[in-house]
Amino acid sequence: MQIAYQEMLTIPWHRLTTAYGRGTKIPALIEMEQYDKLAQLIEHQGTLWQVTPWAIQQLLQTLPNRPVTSVKKEEIQVYLVVACAFTWDELTSSPVQHMDELLQEKRLWPEVEEEDEEEWEEEEPRGYEECAFMSYYVYSEYQMREAIPLFQNIATMRKDLAPTLTELLELLENRQKLWEAM
């Protein structure tokens, strides 16, 4: 499993899906710290979407470079709702080998949105074949598990965030044990 950082502007957000359409608004929501709205787009009823690993990557990329005092509870809630979606016990298919494979043309939605309704009606919409779909979970989880030391540091420095971070850390550490047992 390989993860290479993608600059925000290089991710084709307009060709990746969310719970409510395309991911075009994701960069602005991250920039404006609209975490509640962001959470609704990248996770819905336990389902992660094409945009999820990329949104998590962008959030985690900025986190270590910011003052701990700037971290908001709503931001930690984004990580928590995504982590709560990690409920599968084993992989039913192998994830893609490299996260960038999720941006291959065959997995991206068309440039124009007019035919999105028909695409969703397909037996297997673009980017939602089993391997890619599982990869949204795997790469989101992997990136968040890599951030455990960062989350732990924030929890020690921000007592107001400690309860939410403790819940997140417990979820991620339990998932780590599951991965090690596989």
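A residue is counted as buried when its relative accessible area is under 20%, as exposed when that area is over 50%, and as partly exposed in between. The structure described here is a predicted model. In this model Glu-119 has a relative accessible area of 15% and is therefore buried. The side chain of Glu-119 meets that of Arg-126 in a salt bridge, with an N to O distance of 3.9 Å. Arg-126, at 30% relative accessibility, falls in the partly exposed class.

In total, the structure holds 10 salt bridges. One of them joins Lys-72 to Glu-33, and the closest N and O atoms of this pair are 2.7 Å apart. The pair links distant parts of the chain, since its residues are separated by 39 positions. Lys-72 is placed in the loop between helix H3 (52-62) and H4, while Glu-33 is found in the loop between helix H1 (26-31) and helix H2 (35-42). Both partners count as partly exposed: the relative accessibility of Lys-72 is 34%, and the relative accessible area of Glu-33 is 30%.

A further salt bridge is formed by Asp-160 and Arg-158, whose closest N and O atoms lie 2.8 Å apart. Arg-158 has a relative accessible area of 13% and is therefore buried. Salt bridges that share partners also occur, and they join Arg-15, Glu-105 and Glu-111 into one network. Side chains of opposite charge can pair when their charged atoms come close.

Charged residues also form a negative surface patch. The patch consists of Glu-113, Glu-114, Glu-115, Glu-117, Glu-118, Glu-121, Glu-122, Glu-123, Glu-124 and Glu-130. Helix H5 (residues 116-121) supplies the largest share of the negative patch, with 3 residues. Glu-117, one of the patch residues, lies in helix H5. Its relative accessible area is 54%, so Glu-117 is classed as exposed. Glu-117 and Lys-72 are 45 residues apart in sequence, and their C-alpha atoms are 36 Å apart in space. Glu-114, another member of the patch, is located in the loop between helix H4 (73-83) and H5. Glu-114 is likewise exposed, because its relative accessibility is 67%, where exposed means over 50%.

Helix H6 covers residues 130-146 and has 17 residues. From its first C-alpha to its last, H6 reaches 24 Å, close to the 24 Å expected at 1.5 Å a residue. Of the 17 residues of H6, 12 are buried, so this helix is largely enclosed by the rest of the structure. The buried residues of H6 include the tyrosines Tyr-136, Tyr-137 and Tyr-139. Among them are also the charged residues Glu-141 and Arg-145, as well as Ala-132, Met-134, Ser-135, Val-138, Ser-140, Gln-143 and Met-144.

Helix H8 (residues 162-181) contains Gln-176. With a relative accessible area of 27%, Gln-176 is partly exposed. Gln-176 and Tyr-142 are separated by 34 residues in sequence, and the distance between their C-alpha atoms is 9.1 Å.

How values were computed: Residues are numbered from 1 along each chain as its sequence is written. This is a predicted model: local features need pLDDT of at least 70, side-chain atom pairs count only at pLDDT 80 or more; totals for chains, interfaces and linings use all residues. Side-chain values use heavy atoms; hydrogens and water are left out. Patches are made of residues with over 30% relative accessible area and no salt bridge: like charges are joined within 9 Å, nonpolar side chains (Val, Leu, Ile, Met, Phe, Trp, Tyr) within 5 Å. Accessible areas come from the Shrake-Rupley method with a 1.4 Å probe; for residues, only the protein chains shown count as cover. A salt bridge is a side-chain nitrogen of Lys or Arg within 4 Å of a carboxyl oxygen of Asp or Glu. Lys and Arg count as positive and Asp and Glu as negative; His and the chain ends are not counted. The place of a charge is taken as NZ of Lys, CZ of Arg, CG of Asp or CD of Glu. Helices (H or I, at least four residues) and strands (E, at least two) are DSSP runs, numbered from the N terminus. Buried means under 20% relative accessible area, exposed over 50%, partly exposed in between (1.4 Å probe, protein chains only). The expected span of a helix is 1.5 Å times one less than its number of residues.
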